[in-house]
Amino acid sequence: TATDLVIVEPKLDKRNSYYKTLKKETDFREYNDLDGNGLARWAVDYTKEQGGSIDASDARRLVDRVGPSQQLLAAELGKLLTYDPHISRQSIELLVEPTPQSTVFELLDAAFAGKTARAIELYREQRALKVEPQAIIAMLAWQLHILAVVASGSSRTADDIARVAKLNPYVVRKSQGLLRGITLERIKDMVSSLLALDRMLKSAAINADEAVQLYLLKLAI
């Protein structure tokens with residue numbers, strides 16, 4: 001009989017004796033979080049093992065909608081395979097709801113790129129799904145926090161930032177792409193404006209939808 005021991009260690013120090021003993025005395029295997037490309041490759045391989053197929057670009061599209069959770073990704077693949085073993089972009093968009101975090105990322109991406117109509121469309125989609133303005137503000141704050149962390153570590157690699165900040169490498173790499181030359185000072189201004197908006201919504205009788213949409217429009221300026 002064999003005993004498998006799973007150790008969850010967010011930050012494993014490879015210099016200490018604990019790590020060295022595991023490495024020397026056991027059949028030690030290390031499983032790190034996958035980045036976006038790794039998740040997409042895993043999705044392609046997993047789908048093939050289940051008797052289906054998905055191409056690399058559609059796998060990446062699925063990862064963008066689902067986010068970095070491998071468990072959630074496996075569940076969505078199971079649903080898609082039941083619908084059609086040959087997973088396509090069309091079936092992904094039909095059956096897989098984007099996570100709120102991935103939607104907010106796309107919303108910011110559209111705003112930063114000056115695609116204000118698309119940013120407002122994404123906001124209204126979230127409202128149609130009964131996501132309250134305050135919840136959207138909270139998700140925007142979460143994403144801006146990550147952007148600030150990534151911008152602060154611009155001289156580091158994505159893996160270094162992920163390890164120090166305890167973020168998924170996939171999230172860090174996506175955020176690096178979103179920055180596109182946006183400075184840390186600009187991010188600080190965005191955070192300050194969002195904080196002012198949050199305080200105003202809690203202290204004054206204003207239209208929350210109009211206020212949040214105005215904030216999104218200002219991001220494009």
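1. In which helix is the place of glutamine 70? Glutamine 70 lies in helix α4, which spans residues 70-83; helices here (H or I, at least four residues) are DSSP runs, numbered from the N terminus.

2. The model is predicted, with local features needing pLDDT of at least 70 and side-chain atom pairs counting only at pLDDT 80 or more, while totals for chains, interfaces and linings use all residues. Residues are numbered from 1 along each chain as its sequence is written, and side-chain values use heavy atoms, with hydrogens and water left out.

3. Glutamine 70 has a relative accessible area of 33% and is therefore partly exposed (buried means under 20% relative accessible area, exposed over 50%, partly exposed in between, with a 1.4 Å probe and protein chains only). Beyond its neighbours within four places in sequence, glutamine 70 is in contact (heavy atoms within 4.5 Å) with Leu34, Leu39 and Trp42.

4. Glutamine 143, by comparison, is found in helix α8. Its relative accessibility is 3%, so glutamine 143 counts as buried. Residues up to four places away in sequence aside, glutamine 143 touches Val104, Phe105, Leu108, Ser175 and Leu178.

5. Leucine 62, apart from its neighbours within four places in sequence, is in contact with Leu73, Leu77, Leu80, Ile92 and Val96.

Terms used:
Helix = DSSP H or I, 4+ residues; strand = E, 2+ residues; numbered from the N terminus.
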